[in-house]
Amino acid sequence: MNFPATRLRRLRRTEAMRSLVRETHLHPGALIYPLFICPGEGIRKEISSMPGVFNLSIDEAMKEAQACASLGLGGLLLFGLPSEKDEEATGAWAEDGIVQQALRSMKKNGALDSLVTIADVCLCEYTSHGHCGVVARDGDHYEIQNDSSVALIAKTAASLAKAGADIVAPSDMMDGRVEAIRDALDAGGHEQTPVMSYASKFASAFYGPFREAADSAPQFGDRRSYQMDGANLREAMREIDQDIAEGADMLLMKPAMPYLDVIREARERYDLPMGAYQVSGEYSMLHAAFQRGWLEPERTMMESLLSIRRAGADFIVTYFAKDAAKVLA
């Protein structure tokens, strides 16, 4: 029936009514908070391009983790800033690597048992050149080698699982890395550790502030030869198909808001648990508008997160996680 018999506004009259018929819901347990772990003690250094986000020494990261647990967040995504870098990304897979140390500390603290610890698996924070794999140079020409990079990425994943990571999350976009990681985990007795693949990670301008946070900007060139072209939806589905065939247990889509159509397409095709990463540029551009009074912070934050959930993400990695959990409490 049409108007006036049908009046869609009937179900919008009050907050109680709107809440009753709301189709998409957020809850703190579906929010994952990224942490950037650095060497030292008592370090809490704000990242200039990401208001409210810090590089944290392990002791400070433990305080942050406890705050996240008390807010009911679902988990943490850990990134590391090593004291030294080299061509082989040694700090990524070293037994005493910065993330490995942080994981061991977190697993000793029972107050953090409610948090799922997710270890990002990539080499860019640990290589002296800032690329996500091994670089072969020939004069001014260079190539990010795939297979030799995969060997180090698998070694890194195994090291992080041994240190206590609940989930390992490869973000490098090398071909074949999920299968190599699965083999390395199983060989090391970590057959119960899931692989959450950044299955369709795009070469995006929205990663800019992260590269300050993780000190991971490429020293030359860019990452377009291995991260995905933002124009390609069908190719993104092929990437996901491949990672599932290789044994991925979960998917993580990145970025989120500029690629909501990709999230929706993946949700309609695949039954795996799937998250989306609201990346640094998404967070920072909203904060820039907040600081100028152009957007209302709380409403805009929550609307941005709802858009990602509505597109199909089961969980969201976001720098807004703590603030959003306080609103949802």
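Phe 36, Phe 79, Phe 210, Tyr 277, Tyr 283, Phe 290, Tyr 319 and Phe 320 make up one aromatic cluster. Keep in mind that this is a predicted model. Searching the whole structure gives nine aromatic pairs. I will go through two of them, both involving Phe 320.

Start with Tyr 283 and Phe 320. Their ring centres are 4.7 Å apart and their planes meet at 55 degrees, so this pair is tilted. To count as edge-to-face, the planes would have to be over 60 degrees apart. Where do the two residues sit? Tyr 283 is in helix α10, residues 280-291, while Phe 320 is in the loop between β12 (315-318) and α12 (321-328). The pair therefore ties together parts that are 37 residues apart in sequence. Are Tyr 283 and Phe 320 buried or exposed? Both are buried.

The cut-off for pairing is centres within 6.5 Å. Phe 290 is in helix α10 and Phe 320 is in the loop between β12 and α12, so here the parts tied together are 30 residues apart in sequence. Phe 290 is buried, and so is Phe 320.

So, for Phe 320, we have a loop residue that pairs with Tyr 283 of helix α10 and with Phe 290 of helix α10.

Last, charges over rings. Arg 44 lies over the face of Phe 54, 4.4 Å from the ring centre. Lys 254 does likewise with Tyr 207, lying over its face at 4.9 Å from the ring centre.

Technical notes: Residues numbered from 1 in each chain as written. Predicted model: local features only at pLDDT ≥ 70, side-chain atom pairs only at ≥ 80, totals over all residues. Heavy atoms only, no water. Phe/Tyr/Trp six-rings, centres within 6.5 Å; stacked < 30°, edge-to-face > 60°. Helix = DSSP H or I, 4+ residues; strand = E, 2+ residues; numbered from the N terminus. Buried < 20%, exposed > 50% of the residue type's maximum accessible area, 1.4 Å probe, protein only. Lys NZ or Arg CZ within 6 Å of the ring centre and 35° of its normal.
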